[in-house]
Amino acid sequence: MPHSTPEVPRRKVRLARGASPWLLPTLATAAVSLARSRRSGKWAAVAVPSTALAAGMLWFFRDPEREITQGRVISPADGVVQSIMPWKDGRTRVAIFMSPLNVHVNRAPLAGTVTSVEHIPGGYVPAFNKESENNERVVWHFDTEIGDVEMIQIAGAVARRIVPYVPAGTKVEQGDRIGLIRFGSRVDVYLPEGVDVAVEVGQATVAGVTRLDRD
């Protein structure tokens, strides 16, 4: 008897929470233009770009499942390490730049309790610019087994909205989804004093998968 090939489990990809204000109007426009394009050449001209935009939005707001890595501190964001900077208080800041092609759902870098979620208004210069530190941002603090850990979501030139998923007081597991930044942006993690950095500038990171610390 011929051997059957075992089925490979498919990983589900869902859409990010907080995507609907952008996604639904785009999908509706694409659907209407496609339906009317059969009768009108003008609508056909609209259907092509609107469908392409809808497909791009679906790709941007994807939220894939991840196998969470074991480690003290893991990356909260997909992107590229932009800078690694020692801080005066002994901490080390790891800045991760997220392009519009990255998954923009952010994850908890450690297990613990969210002690504060603070929204700070600001500008919208490109997230790779040094002045982006004054951009609109959300500052997170986590009470963890290695102490207080700070994480900052920074809006970019296009990203005009940061959507936290959980409030202060929430207990999170490492790798839990905690928020979304729409379009290109940056996420900073401050590693506590004594925690060695395992990544390098220019290295790609995957949220929930890449370790930021070294044993």
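**Asp-213**

I started with Asp-213, which counts as buried because its relative accessibility is 2%, under the 20% cut-off. I'm working from a predicted model here. Asp-213 sits in strand β15, which covers residues 213–214.

Next I asked what the side chain of Asp-213 makes a polar contact with. I found the side chain of Arg-72, at 2.9 Å. A polar atom of the Asp-213 side chain also lies 3.1 Å from the backbone nitrogen of Val-73. Leaving out residues up to four places away in sequence, I listed what Asp-213 touches: Gly-71, Arg-72, Val-73, Val-195, Asp-196 and Ala-198.

Then I looked at charge. Asp-213 forms a salt bridge with Arg-211, with the closest N and O atoms 2.8 Å apart. Arg-211 is partly exposed, at a relative accessible area of 22%. Through shared partners, salt bridges join Arg-72, Arg-211, Asp-213 and Asp-215 into one network.

**Other salt bridges**

I searched the whole structure and got nine salt bridges. One of them links the side chains of Arg-177 and Glu-65, at 3.5 Å from N to O. Arg-177 lies in strand β11 and Glu-65 in the loop between β2 (62–64) and β3 (79–86), so this pair ties together parts that are 112 residues apart in sequence. I checked burial too: Arg-177 counts as buried at 18% relative accessibility, whereas Glu-65 is partly exposed at 35%.

I also noted Asp-188 with Arg-186, where the closest N and O atoms of the salt bridge are 2.7 Å apart. Both Asp-188 and Arg-186 are buried.

**The eight-stranded sheet**

Which strands make up the open sheet of eight, and in what order? I read it as β10-β6-β7-β8-β12-β4-β3-β14, with antiparallel pairing. β10 (171–172) and β14 (204–205) stand at the edges with a single partner strand each, so one side of each has no neighbour in the sheet.

β6 (residues 112–120) and β7 (residues 137–144) pair in the antiparallel sense over seven bridges. His-119 has Val-138 of β7 as its bridge partner.

**The core**

I finished with the largest nonpolar core, which has 33 residues. The ones with the most contacts inside this core are Val-94, Trp-140, Phe-142, Met-151, Ile-178, Val-189 and Leu-191. Strands that each supply at least two residues of the core include β4 (92–98), β8 (147–155) and β12 (185–191).

Technical notes:
Residues are numbered from 1 along each chain as its sequence is written. This is a predicted model: local features need pLDDT of at least 70, side-chain atom pairs count only at pLDDT 80 or more; totals for chains, interfaces and linings use all residues. Side-chain values use heavy atoms; hydrogens and water are left out. Helices (H or I, at least four residues) and strands (E, at least two) are DSSP runs, numbered from the N terminus. Buried means under 20% relative accessible area, exposed over 50%, partly exposed in between (1.4 Å probe, protein chains only). A polar contact is a pair of N or O atoms within 3.5 Å; within protein, one must be able to donate a hydrogen and the other to accept it, and residues adjacent in sequence count only if both atoms are side-chain atoms. Contact means heavy atoms within 4.5 Å. Two strands pair if DSSP finds at least two bridges between them. A nonpolar core is a set of buried Ala, Val, Leu, Ile, Met, Phe, Trp, Tyr and Cys residues joined through side-chain atoms within 4.5 Å. A salt bridge is a side-chain nitrogen of Lys or Arg within 4 Å of a carboxyl oxygen of Asp or Glu.
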